[in-house]
Amino acid sequence: MTPVRLRGEGVAKRFGRVTALRGIDFEIEPGEAVAILGANGAGKSTLLRIFAGLSRPSEGRFEAIREVGLAEREGGANGSADLARPDLRGAVGYVGHATLLYGELTARENLAFAARLQGADASPARLDGLLAELGLQDFSSRRTGTFSRGMAQRLAIARAIVHEPSVLLLDEPFTGLDAGSAERLSSQLSGLRARGRTLIVVTHDPQRGVELADRALVLDRGLLVAHVARQARPGAEDVPFAAEALQALLARFAQSVGSTGSVGVDSADAGGSGA
Amino acid sequence: MNAAWALLWKDLVTEWRSRDRLVAMVVFSFLVVVVFQFAWPPMEAGEMTRFAPGVLWVTYLFAAVIGLGRTFALELENDAMTALALAPGTRGWLFLGKAGATWVLITAVQAMTAFVFALFFRVDLMTGVVGFATLVAVANVGICSIGTLLSAMSVRSRFREVLLPVLLIPTLIPILTSAVVGTTATLAGEGLPFAALQPLIVIDGVYLILSFLLFDFVLDE
């Protein structure tokens with residue numbers, strides 16, 4: 001599992017006449033847990049798909065940098081540390097709105113297929129271990145078309161981590177789950193994070209974002225309108241990293257930011273709008 | 001390369017379990033043969049041999065269009081297309097896996113269709129069966145290559161049912177021309193002429209390389 005840093009400068013994305021992202025800057029360190037918050041249409045999923053190497057920015061620069069590469073450079077080795085998009089796809093695990101599973105295959109077959117696509121170990125022992133980790137060991141031979149939403153979502157996460165990615169990207173992973181399943185998923189994600197993975201969660205639910213993440217990027221209509229951290233940065237005021245504060249912030253920007261406006265809000269501003 | 005084998009295995013297993021494409025293609029092929037049988041004017045068996053290759057290949061190509069239209073149907077469920085797009089490395093291997101599975105399926109349907117066609121049209125396909133089988137196998141490489149690429153291009157379109165035939169059928173005409181010439185010769189017991197095989201090999205090469213290289217862009221957003 002190679003640590004990967006994600007960095008973007010002026011990242012913009014257009015789909016025909018529709019602008020999904022309007023030039024945003026960000027940097028995500030290896031091992032961080034980051035929530036991307038915003039209302040529907042804010043550009044959260046588009047940004048996540050750029051992180052995954054599924055989409056190219058229309059403008060700006062996006063880089064995924066291997067930490068090993070940085071060490072190599074310090075040691076005098078030549079060559080760029082940037083990951084090319086085909087390699088980036090192997091370094092990330094992606095859980096989308098849909099499960100990305102094949103209903104005609106069993107749980108173990110789905111994992112085996114995903115592992116082979118990624119060039120990872122697809123031995124039965126390893127796959128069974130992964131299924132057990134996600135609490136699906138009793139359903140390994142069942143076709144996933146018969147799975148409940150919660151089971152399918154857990155299997156989707158197993159599929160996403162089958163190749164031991166260093167970055168796990170999750171797009172609204174709690175949608176459609178009941179309270180118990182959401183709680184279980186949340187604790188499993190915390191467990192994955194504790195093992196050093198970078199976790200990037202897209203959600204419109206600030207409560208979930210606060211539970212999982214160290215900091216949050218708040219998007220509104222394609223703009224990065226706030227950057228909120230659990231721990232204050234040196235020289236900055238303390239920031240209340242609470243769901244209520246983020247909810248208030250989202251509501252404020254939903255009302256006040258014009259579609260063409262350029263608004264910068266720092267962490268102190270976010271704190272001021274909080275509870 | 002592993003990705004190609006994985007996709008080939010997945011497509012054949014899921015098809016074996018659902019038989020969606022297989023049933024659709026077989027039923028369609030048999031219906032076309034029956035329709036041609038009713039539309040055909042009465043003629044001698046020898047005279048029929050002159051027209052039979054054209055009828056057979058038109059049936060094959062229309063059935064292939066039906067099958068290719070469903071190539072990525074399973075990927076549309078649960079957004080599994082994204083799972084394919086996330087595979088690292090050269091995406092051309094994914095194309096090869098998909099095209100390989102489609103080749104197996106289309107070839108199986110064509111073998112069944114040939115049997116029914118021989119019964120209805122009283123054509124002796126056993127004359128030159130090896131040459132005919134070789135011709136079908138080679139022609140299918142081109143059909144599946146360009147068909148898989150165009151199917152992937154059209155699958156996310158709202159008009160995919162119309163778009164695929166409109167894009168695909170013109171690209172299949174060079175294959176049809178050579179295949180009919182080759183089949184006519186094999187049915188007449190003259191063996192498989194190289195003049196028919198050569199253009200097919202060239203078309204296969206062009207479609208295969210083109211599709212392998214372009215598949216990466218097709219899966220991008």
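**Exercises with worked solutions**

**Exercise 1.** Find how much of chain A is buried, and how many helices and strands chain A has.

*Solution.* Start with burial: in this predicted model, 47% of the 275 residues in chain A are buried. Next, count the elements: chain A holds 10 helices and 9 strands. Finally, look at the contacts in chain A between residues at least 6 apart in sequence: 73% of these join residues at least 24 apart.

**Exercise 2.** Describe the side of chain A that touches chain B.

*Solution.* First, count the partners: 25 residues of chain A are in contact with 23 residues of chain B. Then ask which elements give two or more residues to this side of chain A: they are α3 (85-91) and α4 (107-118) of chain A. Of these, α4(A) gives the most, with 5 residues.

**Exercise 3.** Check the length of helix α2 of chain B, then work out where its buried residues lie.

*Solution.* Helix α2 of chain B covers residues 20-39, and at 1.5 Å a residue its 20 residues should span 28 Å. Its end C-alpha atoms are 29 Å apart, which agrees. Now pick out the buried residues of α2(B): R21(B), M25(B), S29(B), V32(B) and V33(B). Viewed down the axis of α2(B), these buried residues fall within an arc of 100 degrees, so they line one face of the helix. To finish, turn to the face of α2(B) that points away from the buried side: V23(B), L31(B), V34(B), V35(B) and F38(B) are the exposed residues there.

Conventions. Residues numbered from 1 in each chain as written. Chains lettered and ligands numbered in written order. Predicted model: local features only at pLDDT ≥ 70, side-chain atom pairs only at ≥ 80, totals over all residues. Contact = placed C-beta atoms within 7 Å. Helix = DSSP H or I, 4+ residues; strand = E, 2+ residues; numbered from the N terminus. Buried ≥ 20, exposed ≤ 12 C-beta atoms within 10 Å, placed from the backbone. Expected span 1.5 Å × (residues − 1). Arc of directions from axis to C-beta.
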